[in-house]
Amino acid sequence: MGNLKKLTIETGRSETLVVCFGEMLIDFVPTVGGVSLAEAPAFKKAPGGAPANVAVGVSRLGGSSAFVGKVGDDEFGKMLAEILKLNNVDNSGMRFDHKARTALAFVTLRADGEREFLFFRHPSADMLLTESELDKNLIQKAKIFHYGSISLIKEPCRSTHLAAMKIAKAAGSLFEDEITFLTGGDDPYSDEVVLQKLFHPNLKLLVVSEGPNGCRYYTKEFKGRVGGVKVKAVDTTGAGDAFVSGLLNSLASDLTLLTDEKKLREALLFANACGAITVTERGAIPAMPTMDAVQELLKSSRS
């Protein structure tokens, strides 16, 4: 995934719970920056997977979150379940596969700025979640239902994902994907292209994140751009997930920001700061910021 993401939001319920559906895995990140996977002298193990990252991010900010997905009934899977618990994420929707292993991913940011990934999923447990294993009661409690696109690639997880979306329809949903793909190769920096290709009447908010440059936002009533927060980047893994966490946490607390541009801009600046803090440390979940850390960064950036 590149820096450019599309976020669409449809909301319906009144609770503050953010339920995140999808994959959770182990990221292996080089102990030094700017090298290819082959050049890395050693790797640091870190919990990851975009939906799980978002769940932890929301909780780290003081919000309420839950994770729904599947891992292997192995040491890594048990470790991931425990990490969610330690981060105050409801893990009751997790399932454990007795045959398939927990997914592994090796990820690095090379010296030329390109991300490099190597996945071990042949198949991994997250791809094997079935509809009968869904915690429907947990999903129905969601105010916001967040999901990625990886779980839509193969069966049986694809059908399970779609079933979960139907259950959560009244609660709301958020979709995240690479905007250059969604715009069919057209210029993703063009407001005209974004509005023509991505916006539709049922959307309450569409956000295009642009990594360190901030983000753009679109609603039926207004549109604009919020600049990024400058930091020294060490590892960009999880930055987009931290951004989503910050935005969803704000939305779960106050849905009026969907119609109040001033509030929305404040929420997006907060989300930008969440993403900025995350790139200052290695790994995704370990780098998710606390509310105090975000507020401190925003305070220092204004002075």
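What follows is a short chat about helices, rings, strands and backbone.

Modeller: This is a predicted model, so local features need pLDDT of at least 70, side-chain atom pairs count only at pLDDT 80 or more, and totals for chains, interfaces and linings use all residues. Residues are numbered from 1 along each chain as its sequence is written, and side-chain values use heavy atoms, with hydrogens and water left out.

Colleague: How are helices and strands defined here?

Modeller: They are DSSP runs, numbered from the N terminus: helices are H or I with at least four residues, strands are E with at least two.

Colleague: Start with H8 and H9. What is their packing angle?

Modeller: About 105°, with the axes 9 Å apart. H8 covers residues 261-278 and H9 residues 291-302. That makes H8 roughly perpendicular to H9 (65 to 115 degrees; under 35 is roughly parallel, over 145 roughly antiparallel, the rest oblique). Axes are lines fitted to C-alpha atoms, for helices over the stretch in contact, and angles run from 0 to 180 degrees between N-to-C directions.

Colleague: Which residues make the contact?

Modeller: From H8, Leu269, Phe270, Ala273, Cys274, Ala276 and Ile277. From H9, Met291, Ala293, Val294, Leu297, Leu298 and Arg302. Contact means heavy atoms within 4.5 Å.

Colleague: Now H1. How many of its residues are buried?

Modeller: 9 of the 11 residues of H1 (residues 50-60) are buried, so the helix is largely enclosed by the rest of the structure. Buried means under 20% relative accessible area, exposed over 50%, partly exposed in between, with a 1.4 Å probe and protein chains only.

Colleague: What do those buried residues pack against?

Modeller: Strand S2 (17-21), S4, strand S5 (64-72), H2, strand S9 (144-147) and helix H7 (239-253).

Colleague: Where does Ser245 lie?

Modeller: Ser245 lies in helix H7. Ser245 is buried, at 0% relative accessible area. Leaving aside neighbours within four places in sequence, Ser245 is in contact with Asn53, Val54, Gly57, Val58 and Leu61. Of these, Asn53, Val54, Gly57 and Val58 are among the buried residues of H1.

Colleague: And what follows H1?

Modeller: Gly62, whose phi is positive, near 100°.

Colleague: Switching to rings. How many aromatic pairs?

Modeller: The structure holds 8. Rings of Phe, Tyr and Trp (its six-membered ring) pair if their centres lie within 6.5 Å; planes under 30 degrees apart count as stacked, over 60 as edge-to-face and the rest as tilted. The centres of Phe28 and Phe76 are 6.3 Å apart and the planes are at 70°, so the pair is edge-to-face. Phe28 sits in strand S3 (residues 25-30) and Phe76 in helix H2 (residues 75-86), 48 residues apart.

Colleague: Is Phe28 buried or exposed?

Modeller: Phe28 counts as buried, at 14% relative accessibility. Phe76 counts as partly exposed, at 28%.

Colleague: What about Phe43 and Phe106?

Modeller: They form an edge-to-face pair, 5.1 Å centre to centre with 85° between the planes. Phe43 lies in strand S4 (residues 43-48) and Phe106 in strand S7 (residues 104-109), so the pair ties together parts 63 residues apart in sequence. Ring pairs link Phe28, Phe43, Phe76, Phe106 and Phe120 into a cluster.

Colleague: What is the strand order in the open sheet?

Modeller: S4-S3-S7-S8, with mixed pairing. Two strands pair if DSSP finds at least two bridges between them. S4 and S8 are the edge strands, each pairing on one side only. The twist averages 25° from one strand to the next.

Colleague: How many bridges join S7 to S8?

Modeller: 6, and the two strands run antiparallel. Thr108 has Glu116 in S8 as its bridge partner. H2 packs on the sheet, touching S3, S4 and S7, and its direction makes about 95° with that of S3.

Colleague: Last topic, backbone. Which peptide bonds are cis?

Modeller: His122 to Pro123 is cis, with omega near -10°. Glu155 to Pro156 is cis too, with omega near 5°. Pro123 is in the loop between strand S8 (115-120) and helix H3 (136-140). Pro156 is in the loop between S9 and helix H4 (157-167).

Colleague: And what is phi of Asn88?

Modeller: Near 60°, a positive value in a residue other than glycine. Most residues other than glycine have a negative phi. Asn88 lies in the loop between H2 and strand S6 (90-97), and Asn88 is exposed, at 62% relative accessible area.
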